[in-house]
Amino acid sequence: MKFQSDVVIGLEVHCELSTKTKLFCPCPTKGNEEPNTRTCPICLGHPGSKPVLNKKAVEFALKLCLALNCEISPELIFSRKSYFYPDMAKNYQITQYDIPLGRKGKLKIGNKEIGITRVHMEEDPASLVHPAGMKESAYVLVDYNRSGNPLVEIVTEPDLTSPDEARDFMKQLITVLGYLEIFDINKGIIKADANISIKESNYTRVEIKNITGFREIERALLYEVKRQKEAVKIGQETRSWDSERGITFSLRKKETEEDYGYIIDTDLVVTEIEDKWVNGIRKHMPELAQDKVKKFIQKYKLKKEDAEIIAAGKQLAEMFEKVAQEIDPLLAAKWLRRELLRVLNYSKKELHETGINEKHMIDLLKLIEAKKITDNVAAKILEKLVEKPFDVKEHVKKEGLEAVSDISELEKYCREAIEENPKAVDDYKKGEAKALNFIVGKVMQKTKGKATPKEVNEILMRMIK
Amino acid sequence: MDTLNFIEKIKSGEIDIVEHTEKILEECRQINKEYGYLNTISENLALGQAKEIKKQLKSKDKKIKNKKLLGIAVSVKDAICVKDVETTAGSKILRGYKPLFDAFVIQRIKEEGGMIIGKTSQDEFGFGTFSINSAFGIPKNPFDRERSCGGSSGGAAGLSQKLKNHIALGESTGGSIATPSSFCGVYGLCPTYGRVSRHGLIDFSNSMDKIGPIGKTIEDVALLMDIIAGHDKNDSTSLNAKSEDYEKYLKKPIKGMKIGIIKEAFGQGVEREVEKNVYNGIEELEEEGAKAEEISLELPIKYGIPTYYMIATSEASTNLAKYCGMRYGASEKLEGSFNEYFTKVRSNNFGEEAKRRIILGTFARMAGYRDAFYLKAAKVRTLMINEYKKAFKKFDALVSPTSPMLPPKFSEIEKLTPLQHYLADVMTVSPNVAGLPHLNVPVGFEKNLPVGMLLIADHLQEGKLIQLGSAVEKGK
């Protein structure tokens, strides 16, 4: 289902930066998951404690601003956003208000540019645990392990015109975050709030909160578009996405903007974002996915679709480039894109979890190129590699997996198969083409897959005449 | 016996540190019964420190003899965190709260052998001029118990007048070091904003809070200042300025120094007895060779009060949000929703002045008022700093009375409206808003009550204040 521009969507994406320590204190952002163990007087908001800015987090946020082509503020200023909520250690959140770190950026999805209104930094609140579910719990538990983790908030212009465009945007953004190595793609939390309005309701703005991940964003927005189209009357309101039930529900009707009484947090001095600093970061910016796609198409002549899939993950893209130095890029692309991803998908593993590196792939593909192993055998080796890496060349030798290229040996297997399956031979002779496949299968069994079906086919056709 | 002599006697063993500490603690208890200067007497901590010092003095380790505060009793304003010692900032909402860590200044004092004897009484979170807005004891003036000590570091100033071989740590946001020092006849130095780390100081107004020493002599003030000043990586606003030996400014001649007498700070609204004594103080400076001349500084006196109260209450209203009975301090019976619960905790445990300032400050930073109040105040603050800076091109220090009045009776204070309360800070708020160091110098007595003179210097010029203060002390 495609929607036309009668749908208007803007996103506010919150993404956890993968620094080792929290934004304003030395507590680790990861590690012990036991509640309230990664805390200190600062992230618990104890009286007398003072925040000290983690410069690494600023560097991460600057990388993102550069990747999104933002104008960068010459000064980093933090404000206090005041509201009372049990997940807030200080009942105010340290965030940025008037002057965000980055402004007026853009991110391309396909051929379309999505405007980035602002990128700013802030601290994560604690997490709330409702032991008996959101509605039923008589009490709520607070875990401050997350309290003070660094976040960036990315706000888009209302440039998105459909739920699937919103999904593409999120996907592209996650790819960028992954390439910059500022976000843990596997464990990091990325959440979005979406503003959505449709023509039928005269573009009445509805905000949907708490959407986690890029798959959810499309689901939530599809639901919301449908709901709004069917509803008799749409009023301005804030709704929440319930992923389990697949619905949005109303949190509050919005009459006026909430007033958070922002003031500057004078516990934190204004940090100058010097050009020298930004240029140093710019110098070390990695080539991003979109550049890689271009390069893969132009330099290696890959199909756009293959290029995009390979470039989506930084590790895979880098592996491809190394493999393509020694192997025909099209063959390399085929094996990385189809076989490797298939096997990873099947075993539910991420590339970085497997220990497979470019040497494994080069060895494997060289054997294929030299016709020393068959595709079948290669695929099986790949499956094993995903479980536990090993030396491919040695493995092939040790297991005797080299392809049977000796014609006389192959002919011997074929002769045996013909003798053992007279009925199939008869059927084939009577014109049943399928019967030959049966005999090919038998030969393949005898060679344990070390021969190519094409070769066997040819020999058998020649023998049965 | 002056402080340095005393420290020598501790080092030589002539005075037994443990016996002395027991004596001091007993003295504190006696004084406290009559005057109410201490919210907590940290007996275990002080005696533990004394025993440790005694042990080290007996050992061969000579390092102990280099400690600059060895055996000196230090009292700590209750808003400053001392590990494992109840720290309430004078508020019921923090009753029972024992910090997990020492403030930077406490670490420094402990390192130099100073003994932490207790937490001094104050206005709740520093909200006051007379130390009457306290959830606990109200400190009484050492010269007349029916009168106020001044605030908000009232307990600190009173104890400095009463207890020997003791220096106090005070804290000032809008005059809370200078005013009580003036009312209690002691020296109180409020340093440049950022000169002393705020790490471990319970916030009132982050952009103005400063920790500083209060002592019976200017020597004591210089000694403690030496120890607490300096950069601290745990406070982002801590200045990375060169360290100074403040004691070298003591007895340094002041001949040729230029003093600006703030014209607007005299005359209308100032009690005549106060004015007379401050002029005497200025004369003493002139006798020592300083040159005094009048200067007009309109902005600070005219706009100091509104500017200060806008910024201070805005910041305070966010700082006080964290007190909701969830993790520390006072709590109430757990029932109702979060909103109902924290409302109950805050209604029952904040004092009236705290509530007033939360309401004022929240109002001043709301959308629609933010520009008119909070942001406007921030702009005026910049203008005030500029006006002061201009004056310091010509003068080494500026002078005014510290308080327009003699220490008032509690019965008189009761009659004041909240606005009249705020107006009593007229002399001190502006240097505080501008982050300028200032010193109260006792200059005389009137009706048996002390009068203080306020000296203000440019940023990081605490040395000049000590130099001038020392000259007045010598003159007496």
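Predicted model: local features only at pLDDT ≥ 70, side-chain atom pairs only at ≥ 80, totals over all residues.
1. Strand β4 of chain A covers residues 79-82 and is joined to β5(A) by four bridges, with the two strands running antiparallel.

2. Stepping back to the whole sheet, you will find three strands of chain A in the order β5-β4-β15, paired antiparallel in an open arrangement. The edges are taken by β5 (92-95) and β15 (263-264) of chain A; each has a single partner strand, so one side of each is left without a neighbour in the sheet.

3. Next, a helix pair in chain A. Helix α8 (residues 329-347) and helix α11 (residues 375-387) have axes that come within 10 Å and cross at roughly 45°. That angle makes α8(A) oblique to α11(A), and the crossing is right-handed.

4. Which residues of α8(A) and α11(A) meet? From α8(A) come A:Glu339, A:Leu340, A:Val343, A:Leu344 and A:Ser347, and from α11(A) come A:Ala379, A:Leu382, A:Glu383 and A:Val386. Sorted by class, this contact holds six nonpolar residues, one polar residue and two charged residues.

5. Finally, the interface between the chains. Here 23 residues of chain A are in contact with 34 residues of chain B. On the side of chain A that touches chain B, 11 residues are nonpolar, seven are polar and five are charged.

Note on methods: Residues numbered from 1 in each chain as written. Chains lettered and ligands numbered in written order. Axes fitted to C-alpha atoms, helices over the stretch in contact; angles between N-to-C directions. Parallel < 35°, antiparallel > 145°, perpendicular 65-115°, else oblique. Left-handed = near helix turned anticlockwise from the far one by under 90°. Contact = placed C-beta atoms within 7 Å. Nonpolar A, V, L, I, M, F, W, Y, C, P; charged D, E, K, R; others polar. Pairing = 2+ DSSP bridges.
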